[in-house]
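Biologist: I would like to learn how to read a structure like this one. Where do we begin?

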Amino acid sequence: MVDTSDEWIIKRTGIKTRHIAQNETTSDMGTKAALQAIERSGLAKDDIDMIVCATISPDYFCMPSTACMIAKKLGISNVPAFDISAACTGFIYALATAKAFIESKMAKNVLIVGTERLSAIVDYTDRTTCILFGDGAGAAVVSASEKKEEAIMDVHICADGKYHDYLITPGCGTNKPCSEEVLKERECFIHMKGNETFKVAVKTLTNDVVDILAKNGIDSDDISYFVPHQANYRILNAVASALKLKKEQVVVTVDKYGNTSSASIPMAINDLYESNKLSKGDLLLLDAFGGGFTWGSALVPFAPHS
Ligand code: ACO
């Protein structure tokens, strides 16, 4: 499709394979992940009292939200359901939202979903972006607990809109409504200043994870797994090296799935879970960076249903 090579892609990004949805929407994939998460949580669907979906590739432009579509497909009604738009940091924003609603006692069991059909918003004539993104979904249930050792230790989310045009879909919003010109210029697809984004991502993420560890008195050795957003192997490796993490502490799935934006962190946690590497009490350090720019990190003990 474009002038590139397998060698270039692997060397610059670490990506070897990606998955592309054929006949599934973003909410179809999110619903599958959600069903699995609810089953593993040991709860019934009726116990879910809020649905938060992080996505930048919603089923519908503007409305209805993908969270509403997931609620419909799960058969859950009469609970709040809404989307979060924070690009690749979406899952950490969803986690922060769940934590805040639970701590304020406005919810008990929040389903959070990160799901993306990025192949629908990628320009397959642009070699600087089309080699990066893939499709997928992941989900988790965040529940209230009286046990201190099960509590999310900390979540940090942040943004800086001055970088809004580094990673942008320029057309089809109210800034530049859909028109023949927008379509001709391919402005309804993702545009990225890749190299500039790379540099800000490495610096911002490194500062962010160093801060969250210091603030919580956590040493790199205390981290069971570092689960970074999977955008580029070179970015996650630079952050892991700054923390002096051992190879076995760093979760890498970018080689298998590419960049799946808000789905990448829950998909990576799922990979750990399904390969029986996760044990109760394992401390996960999450971090992500994405369009906006947005970024965030979290310290989360793995607290499975028992
Ligand atoms: N194949 C071959 N050559 C390419 C390709 C390609 N697919 N893409 C770009 N090139 C060329 C460029 O044209 C350039 O050529 P030139 O030197 O003749 O001008 C050269 O390769 C180097 O380009 P750079 O952009 O400097 O390459 P870089 O090493 O920065 O890698 C990449 C590009 C992979 C995009 C990297 O910058 C990156 O990962 N950026 C960050 C992505 C990210 O983290 N995004 C945030 C999350 S995504 C979200 O929120 C949705």
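Modeller: Begin with a term. A polar contact is a pair of N or O atoms within 3.5 Å; within protein, one must be able to donate a hydrogen and the other to accept it, and residues adjacent in sequence count only if both atoms are side-chain atoms. Here, an oxygen atom of the ligand is 3.0 Å from a polar backbone atom of Gly291. This is a predicted model, in which local features need pLDDT of at least 70 and side-chain atom pairs count only at pLDDT 80 or more, while totals for chains, interfaces and linings use all residues. Residues are numbered from 1 along each chain as its sequence is written, and side-chain values use heavy atoms, with hydrogens and water left out.

Biologist: Which atom of the ligand does a polar side-chain atom of Thr4 lie 2.6 Å from?

Modeller: A nitrogen atom. Arg234 also has a polar side-chain atom by the ligand, 2.9 Å from an oxygen atom.

Biologist: How much of the ligand does the protein bury?

Modeller: Accessible areas come from the Shrake-Rupley method with a 1.4 Å probe; for residues, only the protein chains shown count as cover. The ligand taken alone exposes 1,000 Å², and the protein buries 76% of that.

Biologist: Which residues come nearest to the ligand?

Modeller: A residue is near a molecule if one of its heavy atoms lies within 4 Å of it. There are 28 residues around the ligand, and Thr4, Arg12, Cys88, Asn195 and Asn232 come nearest. By type, the shell divides into 13 nonpolar, 11 polar and four charged residues. For that count, Ala, Val, Leu, Ile, Met, Phe, Trp, Tyr, Cys and Pro are nonpolar, Asp, Glu, Lys and Arg are charged, and the others, Gly among them, are polar.

Biologist: Which helix gives the largest share of the shell?

Modeller: Helices (H or I, at least four residues) and strands (E, at least two) are DSSP runs, numbered from the N terminus. The largest share, four residues, comes from H6. H6 (194–215), H1 (6–13), H7 (233–242) and strand S9 (283–290) each supply at least two residues.

Biologist: Why does the ligand lie between domain 1 and domain 2?

Modeller: Domain bounds come from an automatic or database domain assignment. Because domain 1 (6–148) and domain 2 (154–301) both give residues to the shell, the ligand lies between them. The centres of the two domains, taken over C-alpha atoms, are separated by 14 Å. Contact means heavy atoms within 4.5 Å, and 46 residues of domain 1 are in contact with 44 residues of domain 2.

Biologist: Is Thr97 buried or exposed?

Modeller: Buried means under 20% relative accessible area, exposed over 50%, partly exposed in between (1.4 Å probe, protein chains only). Thr97 has 17%, so it is buried. Thr97 is in helix H4 (residues 90–103), and its side chain reaches the backbone oxygen of Tyr93 at 2.7 Å. Leaving out residues up to four places away in sequence, Thr97 touches Phe82 and Ile84.

Biologist: What about the backbone angles?

Modeller: Most residues other than glycine have a negative phi, and most peptide bonds are trans. Cys62 is not a glycine, yet has a positive phi of about 75°. Cys62 is in the loop between S1 and H3 and, at 63% relative accessibility, counts as exposed. A cis peptide bond joins Met63 and Pro64, with omega about -5°.

Biologist: Where is Phe293 placed?

Modeller: Phe293 is in the loop between S9 and strand S10 (294–301). The peptide bond from Gly292 to Phe293 is cis, with omega near -15°.
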